Amino acid sequence: MSVVLEKKKLRLATTSLAGCFGCHMSLLDIDERLFDLLELIDFDRSPLTDIKQCGPCDIGLIEGGVCNAENVLVLREFRKNCKVLIAIGACAVNGGLPAQRNHLNLGQCLQEVYLTGEGVVNGQVPNDPELPLPLDKVHPLDEIVRIDYFIPGCPPSGDAIWKFLTDLLEGRTPRLGHPLLHFD
Amino acid sequence: MKQLTFLLDGMPVPFEDGQTIMDAAMAADIFIPHLCHHPEFKPQGSCKLCTVKASGRHVSSCTMQARDGMEVENNTPDLNDKRRTMLQMLFVEGNHFCPSCEKSGNCMLQALAYELEMLTPHFDQFYPDRPVDASHPDVLLDFNRCILCELCVRASRDVDGKSVFALSGRGITKHLIVNAESGRLADTDFSLLDRAAHVCPVGVILEKRRGFAVPIGQRLYDEKPIGQQMDSLATRTAKVEVPR
Amino acid sequence: MAFDSDRLADVLEPILKRYRRDPSLLVQILRETQDVLSYLPPAALTYIAAKLDLPRARVEGVAGFYSFFYVEPVGQYRILFSDNIIDRMLGSVELMDRLCNKLWLERGKVSEDGLVSVDTTSCTGMGDQGPALLVNGRAITHMSAERIDRMCELIRAQVPLADWPPEYFLVEDNIRRRDVLLAGDWPVGESIRAAIARGPEAVLAEMKLSNLRGRGGAGFTTAIKWESARVAPCHGDNPMRYIVCNADEGEPGTFKDRVLLSSYADLLFDGMTVAGFTIGATQGLVYLRGEYRYLLPALLANIEGRRRTGLLGQAVCGQQGFDFDIEIHLGAGAYVCGEETSLIESLEGKRGVPRVRPPFPVRCGYLNQPTVVNNVETLCKAALIAQQGGAWYASLGTKQSTGTKLLSISGDVENPGIYEYPFGVSITQVLNDCGAGNAQAVQIGGASGICLAMHEFSKHIAFEDVPTAGAFMVFGAHRDMFEVARNFAHFFAHESCGFCTPCRVGTSLVANCMDKIANGLGSQYEISEIFKIHRLLNAASHCGLGQMACNPLFDTLNKFRPAYERRLRSLDFEPAFDLDRALASARQMTGRDDPAAHLDSAPGVLP
């Protein structure tokens with residue numbers, strides 16, 4: 001039996017649900033450390049690859065909250081396939097900017113924007129079956145599925161993401177601390 | 001006359017008769033998390049962030065008088081766990097959206113969350129529908145961020161002699177109101193020069209036309225976390241001067 | 001409806017005059033204002049604030065605190081169903097639905113014509129004769145389908161409440177077991193005369209001998225409380241000591257003080273007078289919960305009678321130098337005002353928020369003066385001790401819990417009502433006596449008390465074993481203990497005063513957890529959450545309400561775990577809401593119903 005932490009290459013999937021992709025940009029801010037990362041992980045489904053469906057993975061990194069039916073389906077796919085799910089960014093952690101609509105009534109919003117609003121002529125609420133329907137409220141990821149880790153920030157910096165991932169990959173409970181931990 | 005002391009996490013802390021645990025700790029530059037406490041006002045004991053364990057019992061250190069020989073626990077994992085949970089409760093109770101908040105970086109609620117390593121609000125968000133009062137010419141009130149610390153209530157009543165703010169409702173519906181039948185701040189005698197205009201520890205009472213005046217990196221809690229800012233906590237002044 | 005200033009002046013000036021324009025009587029002033037205007041219009045609050053020289057926001061804050069104060073119209077008939085679990089077990093939910101259906105009402109909303117509104121309220125203390133409700137503050141018991149139907153007719157015909165069938169308002173005592181207090185013959189004023197004959201120090205000595213402990217739940221030794229108040233210095237320009245009778249009896253399932261106030265008022269007032277004599281107080285105040293307002297006329301008449309016969313007023317019973325009078329203040333629907341410092345805040349015309357303690361009321365209480373706050377039953381017992389002596393009293397009950405205890409028994413029993421026992425009685429015996437049949441659980445001490453399972457029925461009612469202020473709720477084998485706990489969780493969330501973070505938010509969080517489990521969306525996750533919140537509230541809350549709020553959940557989770565587990569959807573985390581229903585609004589606006597417009601529950605999860 002070996003007492004050395006097994007070094008095997010892990011599979012990492014990423015996606016943005018109701019997010020702006022700012023957290024993905026921040027991930028890329030690790031710059032050349034990306035090469036070091038690629039020694040430790042292979043990307044599965046991610047904007048950086050062209051893999052459309054998430055396969056069995058060790059880690060899922062998700063930015064953006066849940067605002068429509070498609071977000072729910074993708075989130076469930078990730079939860080099913082990834083051993084560990086990380087919510088990255090304000091939207092994934094607490095709903096973020098899209099959740100600022102939550103104190104309003106969705107039906108009334110759709111009504112005003114598409115039907116009765118000023119300047120609207122022959123209004124119709126878009127109803128193509130390909131369009132995912134919005135939920136009545138935007139939710140953080142952990143109100144839909146179990147989430148294992150959270151990296152707050154809008155976005156978290158590249159340094160924060162790097163610290164978090166290296167902690168995780170090297171077997172330590174990730175810690176951010178000052179000044180890497182921030183909510184804005 | 002022997003110096004009165006109590007033990008705080010095993011270290012002796014001197015105090016004068018009549019001082020609370022919080023007062024004595026602050027004087028000794030020891031940080032106990034707090035939100036509704038302010039050295040200028042009578043302690044309230046409502047936020048419960050300052051909860052410590054004194055002689056085996058949980059008490060609010062801001063209202064508990066220190067006693068000679070008392071043993072007090074402060075910086076323990078269990079107490080910090082409880083404090084983190086209470087911060088999470090505050091974060092889900094209101095609408096605390098930091099990325100667009102004018103107080104971000106200077107906010108005590110946020111700074112404490114960083115200090116106690118709160119990574120997620122954890123509980124289901126309440127997403128309450130709370131108003132924004134922009135009626136006053138100089139001051140904006142964004143009730144989404146109110147943590148019910150009553151510092152504005154105390155300042156307006158005890159310092160300004162105006163009683164502009166009060167609390168109404170009960171339980172989870174408790175909320176801040178202003179002293180006007182219309183409910184609008186503009187219909188009160190509130191002024192930007194009031195002490196109450198500058199005591200809010202979070203982003204409720206905001207001076208208009210002064211948003212994001214300080215760049216990220218130079219804000220109050222950017223350089224040092226709140227736990228290392230005893231001097232600024234102990235001597236909180238009316239207004240943070242900003243170079244124009 | 002616009003309220004012009006003349007109309008307001010006509011209504012409010014007499015009220016303000018009656019209460020001496022005293023800002024500390026704000027709660028009573030607001031109550032009487034609402035009696036006339038049927039709610040508290042904003043203009044009325046402005047007027048009252050001006051006349052009492054109080055900030056308007058302060059007056060609004062008080063109006064916004066109490067459940068029975070309304071700042072918007074609630075209709076000519078305001079009907080509140082008592083919503084304790086016992087009322088539900090008696091069918092209150094079905095009756096409320098029936099009433100709302102017949103009146104074309106949505107629960108909580110006023111009818112279009114402004115005639116009536118229907119809602120629930122916390123336990124009104126009628127568990128032995130429920131389901132019960134309040135109509136415009138008056139208690140109606142023994143509700144039934146017939147009474148609901150008749151009420152609809154009365155409301156539609158706008159028959160004044162005074163002309164409703166008088167039997168509706170009958171509240172019976174239901175005394176089932178009498179012991180020394182309830183079986184005794186206690187001539188009016190005898191206790192006062194006995195106390196005067198002994199002298200204050202001797203009365204205090206008898207109280208110490210008796211080892212009487214408070215009957216309101218906390219069980220503090222009464223003699224120590226009295227002695228502390230007796231020696232504490234008074235303050236300020238109007239130095240006085242006060243006796244306050246805590247008649248707020250809001251703990252769900254408690255109605256023993258109701259019976260004492262109804263049929264043993266003389267003993268209570270004697271006891272208050274004895275207490276006043278002993279500690280050197282000249283003023284007694286009764287804080288009577290708003291739900292017992294129907295008792296007010298008789299209580300006031302009793303006090304008037306005492307003033308005429310010299311049992312109150314100057315030189316009580318001829319004792320020169322001993323002046324004592326009693327005033328009654330009504331509560332306005334706030335359980336937290338049963339906590340003695342919240343009660344005092346309410347007496348002072350403020351929001352009922354518990355004070356920072358120390359200092360305690362015996363040193364710094366009503367108007368910052370030394371104040372004794374005692375429960376109704378405690379004061380009645382004190383009256384007995386003044387007559388019969390402390391040694392007699394100490395010979396009853398157990399060594400640490402002397403004397404007798406009134407229990408208010410309700411639930412799945414043949415004979416609900418009041419039972420007086422010496423302390424030390426076993427729960428098994430009580431269950432036998434009240435005809436409990438096959439009880440699976442007994443909730444003793446109300447929602448903040450303890451839930452005992454069958455294997456614990458051999459325990460005894462006593463401070464050293466199972467303490468209680470008197471509430472004794474019995475649940476038969478067929479009851480769902482999860483729903484019992486959920487009812488209590490909502491009670492605490494509703495009644496939290498909101499002062500401190502853990503209780504204000506925590507009680508709502510656990511109520512939501514319980515709802516999530518009730519909706520079939522719970523998991524082990526919720527159970528862990530409840531335990532975590534319980535530990536926090538128990539440690540960090542500002543007062544007993546928060547500290548005890550999760551007790552029923554803690555007890556039922558430990559002793560009736562399967563009642564929770566059989567409702568769990570899965571062992572893993574589930575969202576707290578129906579995902580498909582969350583798309584309903586968008587489906588409606590887009591007119592879509594195709595498969596992609598729906599979401600199932602998570603795959604691999606039982607329906």
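Start with chain C and its contacts: among those with a separation of 6 or more, 72% link residues 24 or more positions apart. Keep in mind as you click around that this is a predicted model.

**Stop 1: chain C as a whole**

Leave chain C selected and switch to a cartoon view. You'll find 25 helices and 14 strands in there. How does its radius of gyration compare with the globule rule? The value is 25 Å, close to the 25 Å that the rule gives for 607 residues, so chain C is as compact as a globular protein of that length. As for what's tucked inside, 54% of the 607 residues count as buried.

Now colour chain C by domain. The assignment gives you domain 1 (5-63), domain 2 (77-169), domain 3 (188-394), domain 4 (404-479) and domain 5 (482-565). Select domain 1 and domain 5 of chain C together: their C-alpha centres lie 37 Å apart.

**Stop 2: a sheet in chain C**

Reading across it, the order is β2-β1-β3-β4, and the pairing is mixed. Which strands of chain C sit at the edges? Select 116-121 for β2 and 138-140 for β4; each of these pairs on one side only. Going from one strand to the next, the twist averages 25 degrees.

Zoom in on β3 of chain C, residues 133-135. Strand β3 pairs with β4(C) in the antiparallel sense, over three bridges. Show the side chains and pick out C:Leu133: opposite this residue, in β4(C), stands C:Ile140.

**Stop 3: where chain C meets chain B**

Bring chain B into view and look at where the two chains touch. Here 31 residues of chain C are in contact with 29 residues of chain B. To see the chain C side, select α3 (42-52), α4 (56-63), α19 (481-495), α20 (501-518) and α21 (524-540), each of which supplies at least two residues. Which element gives the largest share of that side? That's α20(C), with eight residues. Colour the chain C side by residue class and you get 16 nonpolar, 11 polar and four charged residues.

**Stop 4**

Where the domains touch, 11 residues come from domain 1 of chain B and 17 residues from domain 2 of chain B. On the domain 1 side, look for six nonpolar residues, four polar and one charged.

Chain B has its own open sheet to explore. Five strands line up in the order β2-β1-β5-β3-β4, with mixed pairing. Why is one side of β2 and β4 of chain B left without a neighbour in the sheet? Select 11-14 (β2) and 57-60 (β4): these strands stand at the edges with a single partner strand each, so one side of each has no neighbour in the sheet. The twist in this sheet averages 40 degrees from one strand to the next.

For a close-up, select β1 (residues 5-8) and β5 (residues 71-73) of chain B. These two run parallel and are joined by two bridges. Find B:Leu8 and look across to β5(B), where B:Val72 stands opposite.

**Stop 5: chain A**

Last, select chain A. It has six helices and seven strands. Trace the chain from the N terminus and you'll pass through them as β-α-α-β-β-β-α-β-α-α-β-β-α. The C-alpha atoms of chain A fill a box of roughly 70 × 35 × 30 Å along the principal axes. Of its 184 residues, 42% are buried. Among contacts in chain A with a separation of 6 or more, 77% join residues 24 or more positions apart.

Finally, show chain C again alongside chain A. The contact takes 20 residues from chain A and 20 residues from chain C. On the chain A side, select α3 (69-81), α5 (106-116) and β6 (134-139): each supplies at least two residues. By class, the chain A side has 12 nonpolar, three polar and five charged residues.

Definitions and conventions: Residues numbered from 1 in each chain as written. Chains lettered and ligands numbered in written order. Predicted model: local features only at pLDDT ≥ 70, side-chain atom pairs only at ≥ 80, totals over all residues. Helix = DSSP H or I, 4+ residues; strand = E, 2+ residues; numbered from the N terminus. Buried ≥ 20, exposed ≤ 12 C-beta atoms within 10 Å, placed from the backbone. Contact = placed C-beta atoms within 7 Å. Pairing = 2+ DSSP bridges. Axes fitted to C-alpha atoms, helices over the stretch in contact; angles between N-to-C directions. Nonpolar A, V, L, I, M, F, W, Y, C, P; charged D, E, K, R; others polar. Domains from an automatic or database assignment. Rg over C-alpha atoms; globule rule 2.2 N^0.38 Å.
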